[in-house]
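Welcome, and thanks for taking a look at this one. Below is a short tour of the two chains, from their overall make-up down to a few single residues.

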Amino acid sequence: MNATGDRLSSLMERYARGEDRVFEQLYDLLAPRLHRFCLRLATSVVEADDCFQETFLRLHRARATYVTGANPLHWAFAIARSVYLTRLRYWRRRPEQLGASRDIAEAGELQAHDTTPEAEVSAQHLHATLACELGRMSEKNRVAYVLLKEENLSAREAAAVLGTSVEVVKQRAHRAYQSLKSALNSAGWSEYGNPV
Amino acid sequence: MATPSERLYPQVRSAVENTPAATTRTRTRILATLAIVPVLTTLVGLIASEWVYGQPAAGLGIDVASPSAALTTLALLAGLALASTLFALSQGRGGLGIAATWLVSIAALVVPVYAVLTVLQPLHSGAADDVAFTGVAISPWGWRCIFIATLVSASTMAIFAVALRRAVAAASGLRGAALGAAAGAWGGLAVFAFCPSGELQHLLVGHVLPIALFTLLGGVVLTKVIRP
């Protein structure tokens, strides 16, 4: 773990021992990436906000179960996914809205280097295509892709978070990648973000 | 402009402040579990045997051709129960438990391993199934054994549930099944020490079937309790 990871781990350990006053610092370190992960899971901002709040609440209730030295972020990802799956099971009884997401997770990364109106429209189109395809694919493929490619977890770490084997995680992420590639090609983009 | 996580902070903070959280660490609860479950199994096995057959551990004393083989099998079954429990309860270094393949292996292998150790080469000839031999009628369906296996396995499962309550963030279904299999193995151990029957039907229904049922039950019921 890096310095931030060590600090996060140390804060989580103190919080697990019952030191409520470290909650704010813990939240500051954990929340941005956790919220981004929830956005990827839920594909809509409202649902992601609910999932994020519920995840923090469950993390608080389960704080005594934290294992000293473990990565709190990975643990939080696993809880968030558990929360999302529970909500998904509930919503299965009703039609789920899987339209285009208001995905803000990649907005910063996808902005064009030049600021011509054409470039901005182009970047928005690329962004919308990616977000729409991510929202359309299965939750299993999407979350495997997000953990490996966006959150930069190793295959072993992602397998632990998802409760499956390394091979399965790699296979799911590859399927997601193929699906994104195919969607970009259909929309007239090359693999590297250039118009075909 | 506030980021999404900053915008949500007041709501999260308020929810957290109004929600009580346990502070007894899971490691402590797991250690307590490892101390309680073997004692519980031994007590139930011995007391039930004394009550029904008039002697403790009747399964190891009545109609046994080879006492050393009986003790070896008992040790192997105890090892099976303990190993499956340790693996199923383990939180792993990352706090997310052991690998899913291990959990699948435990859930899938406990029943066949128990069956191989106790059914393929039964220690008893079947003479004890005759009421004249022990003075106790042993049901071919093993009702008494089912009751004892259920008593031990259900109590063990409840202890596991308390130990890992809200502690399993990933693969909770597999973990539940592995815990169910481990609980079933403790029930099987108690029944092995309790029962002197050598009838195949009795062994399959009264001794092996409860372990399989508790594996399934763990996958369904425990899952909901051990999730955060």
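## Chain A at a glance

From the N terminus on, the elements of chain A follow the order α-α-α-α-α-α-α-α. That comes to eight helices and zero strands, where helices (H or I, at least four residues) and strands (E, at least two) are DSSP runs, numbered from the N terminus. This is a predicted model, in which local features need pLDDT of at least 70 and side-chain atom pairs count only at pLDDT 80 or more, while totals for chains, interfaces and linings use all residues. Residues are numbered from 1 along each chain as its sequence is written, and chains are lettered from A and ligands numbered from 1 in the order in which they are written.

Of the 196 residues in chain A, 42% are buried; a residue is buried if 20 or more other C-beta atoms lie within 10 Å of its own, exposed if 12 or fewer, and partly exposed in between, with C-beta atoms placed from the backbone. Among the contacts in chain A with a separation of 6 or more, 60% are between residues 24 or more positions apart. Two residues are in contact if their C-beta atoms, placed from the backbone, lie within 7 Å.

## Two domains in chain A

Chain A is divided into domain 1 (1-97) and domain 2 (105-196), with bounds that come from an automatic or database domain assignment. Eleven residues from domain 1 of chain A and 14 residues from domain 2 of chain A take part in the contact. On the side of domain 1 of chain A that touches domain 2 of chain A, helix 2 (23-42) and helix 4 (72-91) of chain A each supply at least two residues.

By class, that side of domain 1 of chain A has six nonpolar, two polar and three charged residues. Here Ala, Val, Leu, Ile, Met, Phe, Trp, Tyr, Cys and Pro count as nonpolar, Asp, Glu, Lys and Arg as charged, and the others, Gly among them, as polar.

Chain B has nine helices and zero strands. Its C-alpha atoms fill a box of roughly 85 × 30 × 25 Å, taken along the principal axes. Buried residues account for 44% of the 228 residues in chain B. Of the contacts in chain B with a separation of 6 or more, 86% join residues 24 or more positions apart.

Where do the chains meet? On one side are 30 residues of chain B, in contact with 33 residues of chain A. Helix 1 (4-17) and helix 5 (100-120) of chain B are the elements that give two or more residues to the side of chain B that touches chain A. Helix 1 of chain B gives the most to that side, with eight residues. The side of chain B that touches chain A divides into 16 nonpolar, eleven polar and three charged residues.

## Helix 8 of chain B and its partners

Two packed helices are described by the angle between their axes and the distance between the axes. The axes of helix 4 (residues 67-89) and helix 8 (residues 172-194) of chain B come within 9 Å and cross at roughly 160°; axes are lines fitted to C-alpha atoms, for helices over the stretch in contact, and angles run from 0 to 180 degrees between N-to-C directions. Helix 4 of chain B is therefore roughly antiparallel to helix 8 of chain B (angles under 35 degrees count as roughly parallel, over 145 as roughly antiparallel, 65 to 115 as roughly perpendicular and the rest as oblique). Residues of this contact include B:Leu77 and B:Ala81 of helix 4 of chain B and B:Ala182 and B:Leu189 of helix 8 of chain B. By class, the contact of helix 4 of chain B with helix 8 of chain B has 15 nonpolar, three polar and one charged.

Helix 2 of chain B packs against helix 8 of chain B at an angle of about 30°, with their axes 9 Å apart, which means that helix 2 of chain B is roughly parallel to helix 8 of chain B. Among the residues that meet are B:Val37 and B:Val44 in helix 2 of chain B and B:Trp186 and B:Leu189 in helix 8 of chain B. The contact of helix 2 of chain B with helix 8 of chain B has eight nonpolar, three polar and no charged residues.

## Two loop residues with positive phi

Most residues other than glycine have a negative phi. B:Ala57, although not a glycine, has a positive phi of about 50°. B:Ala57 lies in the loop between helix 2 (26-53) and helix 3 (58-61) of chain B and is partly exposed, with 19 other C-beta atoms within 10 Å.

B:Arg166 has a positive phi too, near 60°. B:Arg166 is found in the loop between helix 7 (143-163) and helix 8 of chain B. Is B:Arg166 buried or exposed? B:Arg166 is buried, with 20 other C-beta atoms within 10 Å.
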